[in-house]
Amino acid sequence: MAAPPSQFRAFKRPIVARYFIGALALWLAPSTASAQPAPRVLKRDTVATLARENSPNVVVAQRRIGEARALRVGAGLATTVNPEISGYVGPRFATAARATDFFVGVAWPFDLSGSASQREKIADARSQLAENEASATRRAAVGDALDLWARARGAEERTAIESARLELDRALLRASVVKRAAGTTGDGDVALARALEAQGVARRAVAERDREGLLERLKARVGIGPRELIAVSGALDGDDTPELDVLVARLRNQPSAVRALTAIRVSEGNELLQRKLGMPTPRVTAGGGRDPDSYLHVGVDLPLPIFQRNQTNRAVSAAQTDTARTEYTSALILAEADLRAAYAEHLGARDAVRALQAAMPSVEDAERLASRGYELGQTTLTEVITIRREAAAARLALVDAQVAFARSRIVLEQMAGAAP
């Protein structure tokens, strides 16, 4: 018998409403998912470019170049002392007729030592030194950012390994539950599998947080805001290892060596300036007045360099020049020693990567056979855990070796003065 129309409408309205709400939810779901912005992917070259331009230390170094260039303002003046104007006026009481005497004079020092041009040269050399320091800061910023990029890539790889390892732990837990239900194993295996799963959850959480921390540090080094999402990509295995002799030949282009060489030129220029400043500075004077007759005098004051010949500053500047030369020689010696040590570490990391990569197929086979053997009852849970622990250790060791290889390559580029 057909339902009354009023009852039919009462029955139909909730169904239509539920269908409408469900359709609306399906329509809104893609837009809600798309509202989450995709992370900005940073490759190795992108990180280097951003750090070279936007690193906070680079911005400060650029400002210091402006400070050094400001030394050029007024450096070419003929003298660093302003002319002096003197004058006096007063009555004369010795005569019967009262008279007023006055005097107005100008004293103007002239530097004939040629120190003005030397001050300009020193200002230019200091500007060059500031630019070299900015270049060194820029290179160090790039190296720091790339090092964080390599570590973040390693953290992502470790997170992926721990996630896959956790899935295997859960599969092992499910297999142990099935085997207990079948009566082929006991509660001990299930409890051990649950403990293994908990350890996997903890390891993955640590790996994820480590990756997030490295990404936050990387964002600050490349000038990206803290609220922007980023991800890193790219292979950790770089190009072929360059020859050591080629790297040693480029040592003089290393920022510390270039900076030390420029410091020598600054010290030598200052030493020459101090010798010039030891010359006496004459003062041309001109004055006129009435005493009681009107007069005009012109003269020259010349200090006698008997006691003060700027000998202290000359000795100090000469000692600073010797120190700068020694620093340059020492910088080259230490740079070569550090380069050879870094090269040996780089070769060790390269060999470790090759050895572990060659063993990966065997690691995969051992883990797969152990899991399959446990499911078939051919191996115990303890044996499976031991094999899988060693397999995971081998994978993590490969990631660590790849990160060490990438970081050592960055160090080599920094030390040899090559553009990273």
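Guide: What follows is a set of questions about labels in this predicted model, each answered from a value and a cut-off.

Visitor: Why is helix H5 called roughly parallel to helix H9?

Guide: Helix H5 (residues 187–222) and helix H9 (residues 381–416) pack at an angle of about 20 degrees, and their axes are 10 Å apart. Angles under 35 degrees count as roughly parallel, so H5 is roughly parallel to H9. The crossing of H5 and H9 is right-handed.

Visitor: Which residues make the contact between H5 and H9?

Guide: H5 contributes Asp189, Leu192, Ala193 and Leu196, while H9 contributes Leu381, Thr382, Ile385 and Arg388. By kind, the residues of this contact are five nonpolar, one polar and two charged.

Visitor: What makes aspartate 144 and arginine 221 a salt bridge?

Guide: Their closest N and O atoms are 3.2 Å apart. A salt bridge needs a side-chain nitrogen of Lys or Arg within 4 Å of a carboxyl oxygen of Asp or Glu, so the pair qualifies. Aspartate 144 lies in helix H4 (residues 115–182) and arginine 221 in helix H5, so the pair ties together parts that are 77 residues apart in sequence. The whole structure holds 30 salt bridges.

Visitor: Why does aspartate 147 count as buried, and how is arginine 407 classed?

Guide: Buried means under 20% relative accessible area, and partly exposed lies between that and the 50% above which a residue is exposed. Aspartate 147 has 16% relative accessibility, so aspartate 147 counts as buried. Arginine 407 has 33%, so arginine 407 counts as partly exposed. The side chains of these two residues meet in a salt bridge, at 2.5 Å from N to O. Aspartate 147 is in helix H4 and arginine 407 in helix H9, so this pair ties together parts that are 260 residues apart in sequence.

Visitor: How do you know that arginine 203 and aspartate 169 form a salt bridge?

Guide: The closest N and O atoms of arginine 203 and aspartate 169 are 3.7 Å apart, and the limit is 4 Å. The pair links distant parts of the chain, with arginine 203 in helix H5 and aspartate 169 in helix H4, 34 residues apart.

Visitor: Is aspartate 169 buried or exposed, and what of arginine 203?

Guide: Aspartate 169, at 2% relative accessibility, counts as buried. Arginine 203, at 22%, counts as partly exposed. Salt bridges that share partners join Glu162, Asp169, Arg203 and Arg388 into one network.

Technical notes:
Residues are numbered from 1 along each chain as its sequence is written. This is a predicted model: local features need pLDDT of at least 70, side-chain atom pairs count only at pLDDT 80 or more; totals for chains, interfaces and linings use all residues. Side-chain values use heavy atoms; hydrogens and water are left out. Axes are lines fitted to C-alpha atoms, for helices over the stretch in contact, and angles run from 0 to 180 degrees between N-to-C directions. Helices (H or I, at least four residues) and strands (E, at least two) are DSSP runs, numbered from the N terminus. Angles under 35 degrees count as roughly parallel, over 145 as roughly antiparallel, 65 to 115 as roughly perpendicular and the rest as oblique. A crossing is left-handed if the near helix is turned anticlockwise from the far one by less than a right angle, and right-handed if clockwise. Contact means heavy atoms within 4.5 Å. Ala, Val, Leu, Ile, Met, Phe, Trp, Tyr, Cys and Pro count as nonpolar, Asp, Glu, Lys and Arg as charged, and the others, Gly among them, as polar. Buried means under 20% relative accessible area, exposed over 50%, partly exposed in between (1.4 Å probe, protein chains only).
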